[in-house]
Amino acid sequence: MASTLQPHSVPPGWFRRWVRESWALQREAPVAFIFLSGLLMLINLSHQPLILTIPFAGLETALIFATAMTVELGGWQIQDLLLAFRDLPWLPLLRLGLVLALLVFVILLVLWSLHHYLQGILARDHISSAATLKTLHTSGWARLPLWLKNLLSNSLGNAQTLLGNVFLMLSVGAVVLGLVRQGYLALLAGFLAVLRNVRIWLVFMLASLLLQEGISYLAHILQQAAAAALVAALSVMLLLWVGLFGWCFAKESFGLPKQQQAQRRRVPKAHAIPSVQN
């Protein structure tokens, strides 16, 4: 437990390294990631209340992490993914989700209590991408089918949520890697990893703000269902890439457990990174 709560600093060159690793994973197991993309799409077709944005984003992060881990260990078939999803530590993840939902509820309660002072900010829906899209009232947006509006708002909203709350991906990573089982310890591990890698956190935060501005612009120009469907497909791809970057971040911050290091298949030297010794 002590080593779990002492994350490592990520070595320099992380951006290019994570791009290579994320692309290598998808190239080596295209069927697995096509299946995962379809699953993410199905999840985001559902109605997701704003208060559950972070728990839903955490669920999608866990699925992406489980897929990446399975591919790294040599499992490329869909049945391997199904077994990996089944074997996820669902009870600890549920505890983490409940802690996060409570945290979001407290934040929303505070915002509601300060609504008089924050009404200018709240009126422009700058809290999140999901809020921007779910409360949009333009005529073009109103004409889109409900399933497409859900897919757009949930996929983009969850991607922006993960970028803006990178500690969430690291907390989920600590649970998926089997390093902690309590929700509060997972959150603590995620925050400590962010503090050890503040520069990376700032890059993620900047990307979140840029995505928010881009979504605010797109929200007012999407008029046709075909264009909206294309943007929705790209948003699922963006969500997948954000999750894979989170996997690389968690893996380099916490290191793989020794059991998984022993099972890990050999990868080309161009994509391999030294496993961090806990």
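Colleague: How many of the 19 residues of H9 are buried?
Modeller: This is a predicted model, so keep that in mind. In H9, 17 of the 19 residues are buried, so that helix is largely enclosed by the rest of the structure.

Colleague: And how far apart are the end C-alpha atoms of H9?
Modeller: They're 26 Å apart. At 1.5 Å a residue, the 19 residues of H9 (146-164) should span 27 Å, so the two values agree.

Colleague: What comes just after H10?
Modeller: Glycine 178 sits there, with a positive phi of about 80 degrees.

Colleague: Switching topic: at what angle do H3 and H4 cross?
Modeller: Roughly 125 degrees, and their axes come within 9 Å. H3 is residues 53-72 and H4 is residues 78-86. The 65 to 115 range counts as roughly perpendicular and over 145 as roughly antiparallel, so H3 and H4 are oblique to each other.

Colleague: Is that crossing left-handed or right-handed?
Modeller: H3 passes H4 in a right-handed crossing.

Colleague: Which residues meet there?
Modeller: On the H3 side you have Leu63, Ala66, Thr67 and Thr70. They meet Asp80, Leu81, Ala84 and Phe85 in H4. By class, that contact has 5 nonpolar, 2 polar and 1 charged residues.

Colleague: OK, back to the start of the chain. Which residues of H1 are buried?
Modeller: Trp14, Arg17, Trp18, Glu21, Ser22, Ala24, Leu25 and Gln26.

Colleague: And what do the buried residues of H1 pack against?
Modeller: Four helices: H2 (30-44), H3, H12 (198-218) and H13 (225-254).

Colleague: How does the length of H1 compare with what it should span?
Modeller: It agrees: the 15 residues of H1 (14-28) should span 21 Å, and the end C-alpha atoms are 21 Å apart.

Colleague: Last one, phenylalanine 33. Is it buried or exposed?
Modeller: Phenylalanine 33 lies in H2. Its relative accessibility is 3%, and buried means under 20%, so phenylalanine 33 counts as buried.

Colleague: What is phenylalanine 33 in contact with, leaving aside its neighbours within four places in sequence?
Modeller: Leu25, Gln26, Thr67, Val71, Leu240 and Leu244. Leucine 240 is 207 residues away along the chain, yet the C-alpha atoms of phenylalanine 33 and leucine 240 are separated by 8.8 Å.

Key: Residues are numbered from 1 along each chain as its sequence is written. This is a predicted model: local features need pLDDT of at least 70, side-chain atom pairs count only at pLDDT 80 or more; totals for chains, interfaces and linings use all residues. Side-chain values use heavy atoms; hydrogens and water are left out. Axes are lines fitted to C-alpha atoms, for helices over the stretch in contact, and angles run from 0 to 180 degrees between N-to-C directions. Helices (H or I, at least four residues) and strands (E, at least two) are DSSP runs, numbered from the N terminus. Angles under 35 degrees count as roughly parallel, over 145 as roughly antiparallel, 65 to 115 as roughly perpendicular and the rest as oblique. A crossing is left-handed if the near helix is turned anticlockwise from the far one by less than a right angle, and right-handed if clockwise. Contact means heavy atoms within 4.5 Å. Ala, Val, Leu, Ile, Met, Phe, Trp, Tyr, Cys and Pro count as nonpolar, Asp, Glu, Lys and Arg as charged, and the others, Gly among them, as polar. The expected span of a helix is 1.5 Å times one less than its number of residues. Buried means under 20% relative accessible area, exposed over 50%, partly exposed in between (1.4 Å probe, protein chains only).
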